[in-house]
Amino acid sequence: MAGLTRDPVLGINDIKEKEEEIKIDKKHTDKVVLVREEGIQGDREMALPAGNSIHRSGSRPQLDLSKAAIQGNFEERNPTILLPNQSDDISHLALDIGGSLIKLVYFSRHEDYSSNDKRKKTVKERLGISNGNRRSYPILGGRLHFVKFETNKINECLDFIYSKQLHRAGLDSSWLTEAPANENAIIKATGGGAYKFADLFKERLGVSLDKEDEMNCLVSGANFLLKAIRHEAFTHMEGRKEFVQIDQNDLFPYLLVNIGSGVSMIKVDGDGKFQRVSGTNVGGGTYWGLGRLLTKCKSFDELLELSQRGDNRTIDMLVGDIYGGMDYSKIGLSASTIASSFGKAISEKKELEDYRPEDISLSLLRMISYNIGQISYLNALRFGIKRIFFGGFFIRGHAYTMDTISFAVHFWSNGEAQAMFLRHEGFLGALGAFMSYEKHGLDDLMVHHLVERFPMGAPYTGGKIHGPPLGDLNEKISWMEKFVQKGTEIIAPVPMAPPGTTGLGGFEVPSSKGGTLRSDASALNVGVLHLVPTLEVFPLLADPKTYEPNTIDLADHSELEYWFTVLSEHLPDLVDKAVASEGGTDDAKRRGDAFARAFSAHLARLMEEPAAYGKLGLANLLELREECLREFQFIDAYRSIKQRENEASLAVLPDLLMELDSMSEETRLLTLVEGVLAANIFDWGSRACVDLYHKGTIIEIYRMSRNKMQRPWRVDNFDVFKERMLGSGDKKPFIHRRALLFVDNSGADIVLGMLPLARELLRRGTEVVLVANSLPALNDVTAMELPEIVAEAAKHCDILRRAAEAGGLLVDAMVSNLDGSLENPSSVPLMVVENGCGSPCIDLRQVSSELAAAAKEADLIILEGMGRALHTNFNAQFKCDALKLAMVKNQRLAEKLIKGNIYDCVCRYEPAS
Ligand SMILES: CC(C)(COP(=O)(O)O)[C@@H](O)C(=O)NCCC(=O)O
Ligand SMILES: [Mn+2]
């Protein structure tokens, strides 16, 4: 951005002295006091509580007995006691107690914090959103957690349940009232252990286990996952994992193959409609039992790990062994096909000790996996079923096992049938038991209501058998520190079958990327499911089914490597900011350190296996970073930076508005769009921009940026947009009814870019809705911050003031009219809605219900910034006119996306499709 040769387009030079010459200092460490003025932002679980302190909920909640009151009849023997002041972790629990593992699914719900947010109330009134269309069942939002324990360590499981008080919410079918444990407390449970351990649960926790049928649970668990979770099912062929988008209306029939100790094959025709059509006694128990005898392995995982280094050809008799190294091509068998598992062991010359345990394990694994694959296929054939879903803990996300099963199904069906796997494979039964609670209101959930999150422990703990629960944040941090000391565990690679190992005859020797197997890989793929019942699909998407938010596909490894490096390099600076935002205390430093470690571990995990947490796009990586910050209670790392930039920009706004008002309509429209593009440079997530900020003041940079605005821009549809707006020749100007402006950054971006554009639309009679983040992300402006910014701007502008008043933003009419009068108050409204997310990007399949409501009347969308308009949504098609505005602040992206250079601009206008 060198060479400030041109005169500024606006008279910014003349107003420079008004700015406080704030040099943005990277090492700024002002103590930040987090004061939330307007209650709580958003319904989402990450929503912040009211008050002026940060809410720090530990993961070991205690019942809060304050304001306890008896509900209903005082004369009753056991009246319900209402405890209104619970933390967010009162929950519902269901169990699947198997022979070797106990699987727990529990739900922790959240308060609906939104009720005292004045802005939201006004917006809801204006947009006509009532609570009437909300479900009658109280699914208020919360999280679904997945945890497992070894059955022989059942006491750990009981301690866990007790410490989290999970058994207390099961007493009452109402999810709104909680009561202390009593004799009637009930927990839903399935699996044999529900019978075997019933007395123990009664004795230790005072609860009864309500036994649910295992098959029923498996099916309802699978149906729930396949309908409610976007990236649940995947294929796994030749080491490649591909997520399958299941059409809810085209799910049935399918064959569910649950591989536990034994194997069940269930034909599923609908919800509650199923039949166990077959099974086999040769399953996970067989592999583990025989394997233990033959190899002396101590655990299932150890056995699986051995197979990684095995070569089954030393034990299995192959077609080639029989045919002198030749294929038996006439019947389609290659020389490497296994003709007889363990067939070579008939040799009398060798004893057990003469075979390597690794080879035995692999041979056994292949024998059992092929067998299951083959029987499954035959059953699918029997009923004309094309899709087979495999579940159960035998699979454990083990690449080689999945490849073997897939190969068998593919081979025998000539590619007609497809083997698919489930990310929550081990939790089907527990989920089903959970679904069997009446009135939970979860059965008709849609995919967009669930957001999957990976908390800080996910890269390490997800699949580990759970030990005692972590208590507070402090425990979390020290636990993280301990893991870092044992650094090698973190980076243990996940083995993948090498590509191209299949021929007609099957697989060659499996190889892994490293020597050790992450045997718990399957459960590592399970995050916490956040239930946000107020999320909706953005109604103006042209085709939600084909919509893909991410522009950058991280399945391309070089792309992943690049962004991995960018995010890693940004980390020290981000930690600096985060720590400073919390006053730079020792506690903040420790949290900062733990955050950096947790996020790096996630990145490392994703480098090993990009699809570990579902389909991975750049937006997911950027969101993960924000989630990790929140996990360590960094609420708003850029808060003070945002404030300073807002102040500096607001100081120059009046002059900018005056200058704009002196222009013709045509010049003004161009200047406004230029203004948005120029001000989008204030992006603290871009390395190049951050370097730039150290060289000048906000206004200097803004001016410099404006000077680079020569058209044509790299993508420049401005003339078409102008024609639509202002008309030309026979074409009349088009006045949009309502515009949704998806705003991006704080400071100049919102104040000198988007607000003046909003003002122009308002002036023309278009209603404007500013759509901003629900939660902070980098220096993005949030919906909660906007009313104050608008109020400040409105002090200098009548158009903004009247519109903000009409939109209920100036609720208390705190701004006096410029000319002192109150006449002519009518104006189209200016409103603010939250978008439902806390990331620099936006996935329009999951937006807040208030945005969805606002969208219904809208006929123009303006998406602004690199995150919202380029990384995501660059290719999105809308039902209405759409304008995508951004400055590209990354050289590689500029080259890839628009064949241009850093600081090039995009003005992409697409009329309604
Ligand atoms: C995170 C961002 C998408 C935010 O950009 P914005 O939406 O604010 O324009 C962007 O800063 C980004 O892609 N940064 C990483 C790339 C880099 O440092 O060059
Ligand atoms: Mn941004």
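**Exercise 1. Determine the distance between the centres of domain 2 and domain 3**.

Solution. Step 1: the domain assignment, which is automatic or taken from a database, lists domain 1 (69-217), domain 2 (230-417 + 478-496) and domain 3 (557-631). Step 2: taken over C-alpha atoms, the centres of domain 2 and domain 3 are separated by 35 Å.

The structure is a predicted model, in which local features need pLDDT of at least 70 and side-chain atom pairs count only at pLDDT 80 or more, whereas totals for chains, interfaces and linings use all residues. Residues are numbered from 1 along each chain as its sequence is written, chains are lettered from A and ligands numbered from 1 in the order in which they are written, and side-chain values use heavy atoms, with hydrogens and water left out.

**Exercise 2. Describe the shell around ligand 1 by class and identify the helix that supplies its largest share**.

Solution. Step 1: ligand 1 is surrounded by 16 residues, the closest being Asp683, Gly867, His871, Lys889 and Asn890; a residue is near if one of its heavy atoms lies within 4 Å. Step 2: the classes are 4 nonpolar, 8 polar and 4 charged residues. Gly counts among the polar residues, and Asp, Glu, Lys and Arg are the charged ones. Step 3: helix 16 (557-581) and helix 28 (866-871) each contribute at least two residues, and helix 28 gives the largest share, 3 residues. Helices are DSSP runs (H or I) of at least four residues, and strands (E) of at least two.

**Exercise 3. Identify the donors of the manganese ion (ligand 2)**.

Solution. Step 1: donors are N, O and S atoms within 2.8 Å of the metal (3.2 Å for Na, K and Ca). Step 2: Asp744 (OD), Asn745 (OD1) and Asp780 (OD) coordinate the ion at 2.0 to 2.1 Å. Step 3: Asp744 sits in the loop between strand 20 (738-742) and helix 24 (748-763), and Asp780 in the loop between strand 21 (767-772) and helix 25 (786-794), so the pair ties together parts 36 residues apart in sequence. Step 4: Asp744 has a relative accessible area of 5% and is buried (under 20%; exposed is over 50%, with partly exposed in between).

Technical notes: Buried < 20%, exposed > 50% of the residue type's maximum accessible area, 1.4 Å probe, protein only.
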